[in-house]
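Here is a short walk through one protein model, written to be read with the structure open beside you. Let's take a few strands, a sheet and some helices in turn.

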Amino acid sequence: MRAFSVKKLNLLFNTMQKSDSLRIALIYVVICLTWIFLSDRLLFLFKNNLSEDVFQAVNSGKGFAFVIATGVLLFILIRKSSKQIVYNQNEYRELYESNPSPMWIYDPVSLKFVSVNETAISVYGYSKQEFLSMTIKDIRPIEDHVKLIKAINVGGKFKRSGIWKHIKKDGSFIHAEISSNRILFKGKDAVMVLARDHSSTMVSQDMLEKANMDLADDQKRLMDIQQLSKIAGWDYFLINRKLTISDEAFKIFGIEKGLVEPSYNLFLKFLHRDDQSRFLADAHATMVSGCDLDTMFRLFLGKNNVMHIRLLGKVEERDGKPYKIRGTMQDITEIKQIEHEKNLVSNENKKLGNIITKINNMVVIEDAESRITWVNKAFENFTGYTLDEIEGLRPSQFITNPVDEKQLDTINEAQKRFESFAVDLMNYTKNGEAYWVNIEFTPMFDDDQFIGYISIHNNITVRKEKEAEITEQNSVLKNIAWLSSHEIRRPAASILGLMDLIRNTNDVKEKEEYLAMLNDCTLHLDEIIHQINDTIYLKLSKAQQDEVLNSLYQ
């Protein structure tokens, strides 16, 4: 019971401290009761010493004095309480108005702003009048409106709503941590909000997340590079000869991690015997002198399974003494195979190049756009053009004469189908001398991709000249044959007929007429023979003349 009374008294005392009205009332009650109790006792103590009139006057004056004293006391207490209330109000208003964080008060029903502090006006860029004409939804993106309504409807007088995205007047965004408290403002329910700017924190978090993502990407990229380039890390501790290798090393050797315990002695067992002495010499030099290790060797992992390895290492010291060698190993088997294949191809290309360079035929290589990329020495020597002069040019730009349309169409169609084809063309040397060539075009491919043509130029000038001579000779023989078969036949037939008439006539005059006609036919025949001789000697060479005359006289 006593504990309950003490608790009640403490509760009453705390309530009095918080409520000025109750405190003033209790003070007034205590003073009144104390005055009534003490004033009556004192008055009755002096009653026998006072007259009836004096006693009545003192008794009445006591009442007046009590009213006046208590009135003055109430005035002092109320005035002091009012000053404290005004002070508290000013203090709270100062805390609200001068708060370094944006604060506002809004109506929980209409969601309209009813008050904003100066920081909110400065941070968000809206004037006070603009704020008071807006709702709290106006400073949030549309996609957050549903979430906002749900957060408002969640119960509780004071709550933290977390970090929200807010829109400033200029359209930019800030991130604010929202704390709210339900209050009475001007006699109405309202919600006071404190918005602490977390934009810099969000930026830092975004930067941290981006840095972490970049770091993860770099780590994955490094692992991918190691896997693609077949590179692994290793550490060899000099004191206890312990060897540790990274997970990538197990992948390189195709061994499941945990099945084999890596060691330096195990490594030496797989080292190709032909490379052991060189490797041990390089490793000893690194351990003794501390120079960087860079060596290549082969590992014999089984029948038909020889792996080429490049080993790099650097000595690390501890307390001024060599402590371990840290390095990388790379499987370069494929690189060695490619180098071997390149060497084979290079040797073949050298042989082919020597053959092409030394042959007498002219060789030209063109790219897919028919531009010259290479010519051999035979081409340079015969045409007078060097590769430096014509590289990148098309043959039609400097060496060929215009081809006829039909021939051009044939060439274009063959090139469209990437076919092999041959063509006879008249070309010109650098000095302007004409020559005939038969060009054989062969398409070139690289991984099924057309890359151009290689062409062999055969000089057929002599053949073309011979063909022209034969054509001319045939034309002459054809003309002679026509003269022989037609022109000579008429006068010869006339001569034969006249000779027969002369033999069968005895008339002298008639014979004279026949002889005159015979003379005309003979002159005509002689003219035709001269014409044949002129054709032979004027249009044919000496060799052709002999050949034709021999054929005529046989």
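Strand β11 (residues 362–367) has 5 of its 6 residues buried, so it is largely enclosed by the rest of the structure. Buried here means under 20% relative accessible area, exposed means over 50%, and partly exposed is in between, with a 1.4 Å probe and protein chains only. Helices (H or I, at least four residues) and strands (E, at least two) are DSSP runs, numbered from the N terminus.

A word on the source: this is a predicted model, in which local features need pLDDT of at least 70 and side-chain atom pairs count only at pLDDT 80 or more, while totals for chains, interfaces and linings use all residues. Residues are numbered from 1 along each chain as its sequence is written, and side-chain values use heavy atoms, with hydrogens and water left out.

Two strands pair if DSSP finds at least two bridges between them.

With β12, strand β11 makes a hairpin that has 4 residues between the two strands. Within that turn, Ser370 has a positive phi of about 65 degrees.

**A five-stranded sheet**

Elsewhere in the model, 5 strands form an open sheet with antiparallel pairing, in the order β2-β1-β5-β4-β3. Why is one side of β2 (113–116) and of β3 (158–167) left without a neighbour in the sheet? Both stand at the edges with a single partner strand each, so there is no neighbour on one side. On average, neighbouring strands of this sheet are turned by 30 degrees against each other, direction ignored. Strand β1 (residues 103–106) runs antiparallel to β2 and is joined to it by 3 bridges, with Ile105 opposite Ser115 in β2. Helix α6 (residues 145–153) packs on the sheet and touches β1, β3 and β4 (173–185). The direction of α6 makes about 165 degrees with that of β3. For these angles, axes are lines fitted to C-alpha atoms, for helices over the stretch in contact, and angles run from 0 to 180 degrees between N-to-C directions. Contact means heavy atoms within 4.5 Å.

**Helix α10 and its two sides**

Helix α10 (residues 276–289) spans 20 Å from its first C-alpha to its last over 14 residues, close to the 20 Å expected at 1.5 Å a residue. That expected span is 1.5 Å times one less than the number of residues. Which residues of α10 are buried? They are Phe279, Ala283 and Thr286. Seen down the axis of α10, the buried residues fall within an arc of 60 degrees, so they line one face of the helix; the arc is that of the directions from the helix axis to the C-beta atoms. This buried set packs against α9 (264–270), β8 (293–300), β9 (306–318) and β10 (321–331). On the other side of α10, Ser277, His284, Val288 and Ser289 are exposed. Just after the helix, Gly290 takes a positive phi of about 80 degrees.

**Another stop**

Ala516 is found in helix α17 (residues 508–539) and is partly exposed, with a relative accessible area of 42%. Its C-alpha atom is separated by 9.9 Å from that of Leu498, 18 residues apart along the chain.
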